[in-house]
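I opened a new structure today and kept notes as I went. Here is what I looked up, in order.

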Amino acid sequence: MRERLQELKEQALAQVTEAQDVKALQEVRVAYLGKKGPITEVLRGMGKLSAEERPLIGQMANEVRDEIKSAIETKEVALETAAVEAKLAKESIDVTLPGRPQKTGARHPLTAVVEEVEDAFLGLGFSVAEGPEVETDYYNFEALNLPKDHPARDMQDSFYFTDELLLRTHTSPVQARTMEKFEGRGPVKIICPGKVFRRDDDDATHSHQFMQIEGLFVDKNVRMSDLKGVLEAFAQSFFGPDRSIRLRPSFFPFTEPSVEVDVSCGMCGGEGCRVCKNTGWIEVLGAGMIHPKVLEMSGFDSKEYSGFAFGMGVERLAMLKYDIDDIRHFYTNDVRFLAQFKRV
Ligand code: 2U9
């Protein structure tokens, strides 16, 4: 029986040494130490032994079992450690390698310009207001003193859905809607950026969809000098502190008096060059004192309140600021164009 136990021990330990994975070890465990294994069998057969031999064989069987068990455990730990080490080696990262550059996007130049204009006006106490792109005839035209026979109301010039609904042709209806909400009590001091739509053939300077920023300030005692001060502060914030503005008479149905606002040319400093067509000035805005009829239609008493309003095209601002020669660049999404507006 001693020889049998010795033989079992050697066989088991040899198999433990050979085992390449935990599964093989498990098989050795079951084969030698399991309930139906040879060592259990030896222990069961001890009844047939003499009284002297029984404790000796019993002790030996226990020792063999413990030795096999401990060999399995030691090997198990070794296999697990080896597995972890192999995994770590496979997944190791060389932190000294140069990183892979990630491609980042950039704000669209029109978004960047809208945000710059917003910053300038927020600094002057204005808030940003928004409204629907699909408008009613009333807010788009009627409330702005655009008479029924005005060319802007021509079916050929606007995108109509029905007689009453169209894509807004300017952001002015947002201002009319906002004034209405104030129920005749000022001040109202807002700018309204957004997309507008006009039936135009697209070319280098025209687009059937473009962006506008309009604004107004309604309160008691608002004067033309307030208009000039605000627009000069805006021009200097957006184009640079060395710029000045000038006003020229104009006409809009929603303002009286109305003006065109020119900004001094940044290229030649007012001397005259190709950018300003030798005039020293560049036209950038339209503005004026809000027509009393428009104030009244939006619920303000024109004897008590007055206000100024202004409007500008965002693409034109961007084209002037970044020397872009074709409005279609903003809408064709060529990354070679867009990537130039990345902030570093
Ligand atoms: C209300 C009252 C008055 C908005 C104004 C302009 C002058 C103007 C154009 C400039 C270039 C639009 O993008 S553009 O074609 N805009 O010249 N806009 S005053 O006046 C308003 C608006 C709303 C209730």
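**Notes on the ligand site and the domains**

I began with the secondary structure around the ligand. Four elements each give at least two residues to the shell: α7 (172–181), β5 (209–219), β8 (281–290) and β9 (306–313). I noted that this is a predicted model.

Which element supplies the largest share of the shell? I found that β9 does, with 5 residues.

Next I listed the neighbours. The ligand is surrounded by 19 residues. The closest are Gln 212, Glu 214, Phe 252, Gly 286 and Gly 311.

I then sorted the shell by residue type. I noted 11 nonpolar residues, 7 polar ones and 1 charged one.

In the side chain of Gln 212, an N or O atom lies 3.0 Å from an oxygen atom of the ligand. For Glu 214, a side-chain N or O atom is 3.2 Å from a ligand nitrogen atom. Gly 313 takes part through its backbone: one of its polar backbone atoms is 3.4 Å from an oxygen atom of the ligand.

How much of the ligand does the protein bury? Taken alone, the ligand exposes 560 Å². The protein buries 88% of that area.

Last, I turned to the whole chain. The domain assignment gives two entries: domain 1 covers 2–90 and domain 2 covers 109–341. I looked up the separation of their centres, taken over C-alpha atoms. The centres of domain 1 and domain 2 are 90 Å apart.

Technical notes
Residues are numbered from 1 along each chain as its sequence is written. This is a predicted model: local features need pLDDT of at least 70, side-chain atom pairs count only at pLDDT 80 or more; totals for chains, interfaces and linings use all residues. Side-chain values use heavy atoms; hydrogens and water are left out. A residue is near a molecule or strand if one of its heavy atoms lies within 4 Å of it. A polar contact is a pair of N or O atoms within 3.5 Å; within protein, one must be able to donate a hydrogen and the other to accept it, and residues adjacent in sequence count only if both atoms are side-chain atoms. Accessible areas come from the Shrake-Rupley method with a 1.4 Å probe; for residues, only the protein chains shown count as cover. Ala, Val, Leu, Ile, Met, Phe, Trp, Tyr, Cys and Pro count as nonpolar, Asp, Glu, Lys and Arg as charged, and the others, Gly among them, as polar. Domain bounds come from an automatic or database domain assignment.
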